[in-house]
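Trainee: I am new to this structure and would like to be guided through it. May we proceed by question and answer?

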Amino acid sequence: MASTDLQLDEPGSLPRPGPLGRIVRFAFGILCLSQAYGLIQVAENPIGADGHIRSVVWNGIFIGLFLISYVVNIGFSRAWKKWPALVSAGFFLAIAGFGYLTAGTVETEALARSVWLWELYLFSHLGIAFVVAAVIGTPGCEMRAFHDLYSRMTGTSTKEHYCPVGPLHPIDQWEARRRTIRG
């Protein structure tokens with residue numbers, strides 16, 4: 001499993017993505033933003049008429065818990081390891097437990113709104129970061145896209161981070177090898 005440890009590399013040490021890396025980043029951005037859009041559509045009532053939390057809210061919880069530590073650690077240059085995921089899960093479990101004790105169900109308005117807000121932030125942040133990374137060709141992890149954009153706008157160098165999960169790092173390496181072979 002990929003480590004959530006913060007391992008920042010010197011500026012210019014990672015290859016910029018080629019066309020395939022940019023397309024994959026853009027596609028992931030669209031996927032994340034479509035999840036955020038689905039959440040926005042149920043903003044007024046994240047609990048359906050049947051009294052259950054809507055599936056669009058539940059759909060992102062497991063992938064969100066897996067990704068939140070990467071988003072926080074790499075995106076905000078923090079070395080908090082798995083703590084963002086553990087704190088998030090603990091928070092949701094506490095709200096669910098309180099709901100069960102007071103209302104007899106874990107599917108309460110409080111849990112629905114908490115998960116909804118957390119996922120809206122997570123998938124919006126990820127989606128925008130992926131799109132920015134695709135447009136400007138951020139090397140490594142998309143969570144460094146805002147740092148890369150700031151660096152380009154101000155001339156201040158910023159450190160890079162390889163993409164610890166998913167296909168981006170292998171794709172970037174493959175494209176860099178192909179560019180080297182072609183000369």
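**Salt bridges, cysteines and overall fold**

Mentor: Let us begin with one residue of this predicted model. Arg16 has a relative accessibility of 38% and therefore counts as partly exposed.

Trainee: With which residue does Asp148 form a salt bridge?

Mentor: Asp148 is in helix 6, and its partner is in the segment before helix 1, 132 residues apart from it. Asp148 counts as buried because its relative accessibility is 8%. The closest N and O atoms of the pair are 3.6 Å apart, and the partner is Arg16.

Trainee: Where do Asp172 and Arg25 lie, and how many residues apart in sequence are the parts that they tie together?

Mentor: The side chains of Asp172 and Arg25 meet in a salt bridge, at 2.6 Å from N to O. Asp172 lies in helix 7 and Arg25 in helix 1, so the pair ties together parts whose separation in sequence is 147 residues.

Trainee: Are Asp172 and Arg25 buried or exposed?

Mentor: A residue is buried when its relative accessible area is under 20%. Asp172 has 4% relative accessibility, so Asp172 counts as buried. Arg25 has 0%, and therefore Arg25 also counts as buried.

Trainee: Where is Cys141 found, and is Cys141 buried or exposed?

Mentor: Cys141 is found in the loop between helix 5 (109-136) and helix 6 (145-154). Leaving aside neighbours within four places in sequence, Cys141 is in contact with Ile74, His161, Tyr162, Cys163 and Pro164. Its relative accessibility is 2%, so Cys141 counts as buried.

Trainee: How far apart in space are Cys141 and Asp172?

Mentor: In sequence, Cys141 and Asp172 are 31 residues apart. From C-alpha to C-alpha, their separation in space is 10 Å.

Trainee: How many disulfides are counted?

Mentor: A disulfide requires a pair of cysteine sulfur atoms within 2.5 Å. For Cys163, the nearest cysteine sulfur is that of Cys141, 4.3 Å away, and Cys163 is in no disulfide. For Cys32, the nearest cysteine sulfur is that of Cys163, 11 Å away, and Cys32 is in no disulfide either. The number of disulfides is 0.

Trainee: Is Cys32 buried or exposed, and what of Cys163?

Mentor: Cys32 has 10% relative accessibility and therefore counts as buried. At 6% relative accessibility, Cys163 counts as buried.

Trainee: What span does helix 5 reach from its first C-alpha to its last?

Mentor: Helix 5 has 28 residues, for which 40 Å is expected at 1.5 Å a residue. Gly137, with a positive phi near 70°, follows this helix. The span of helix 5 is close to the expected value, at 40 Å.

Trainee: Which residues does Gln35 touch, not counting residues up to four places away in sequence?

Mentor: Gln35 lies in helix 1 (residues 19-41). At 15% relative accessibility, Gln35 counts as buried. The residues that Gln35 touches are Val56, Asn59, Gly60, Glu119 and Phe123.

Trainee: Which residues make the nonpolar surface patch?

Mentor: One member, Leu86, has its place in helix 4 (residues 83-103). The patch covers about 490 Å² and is made by Trp80, Trp83, Leu86 and Val87.

Trainee: How many helices and strands does the protein have?

Mentor: Along the sequence, the pattern is α-α-α-α-α-α-α. The C-alpha atoms fill a box of roughly 65 × 30 × 30 Å along the principal axes. The protein has 7 helices and 0 strands.

Trainee: What share of the residues in the protein is buried?

Mentor: The protein exposes about 9,800 Å², of which carbon and sulfur atoms supply 67%. Of the 183 residues in the protein, the buried share is 44%.

How values were computed
Residues numbered from 1 in each chain as written. Predicted model: local features only at pLDDT ≥ 70, side-chain atom pairs only at ≥ 80, totals over all residues. Heavy atoms only, no water. Helix = DSSP H or I, 4+ residues; strand = E, 2+ residues; numbered from the N terminus. Buried < 20%, exposed > 50% of the residue type's maximum accessible area, 1.4 Å probe, protein only. Contact = heavy atoms within 4.5 Å. Expected span 1.5 Å × (residues − 1). Patch = residues over 30% accessible without salt bridge, like charges linked within 9 Å, V, L, I, M, F, W, Y side chains within 5 Å. Areas by Shrake-Rupley, 256 points an atom, 1.4 Å probe, with all protein chains shown as cover. Salt bridge = Lys/Arg side-chain N within 4 Å of Asp/Glu carboxyl O.
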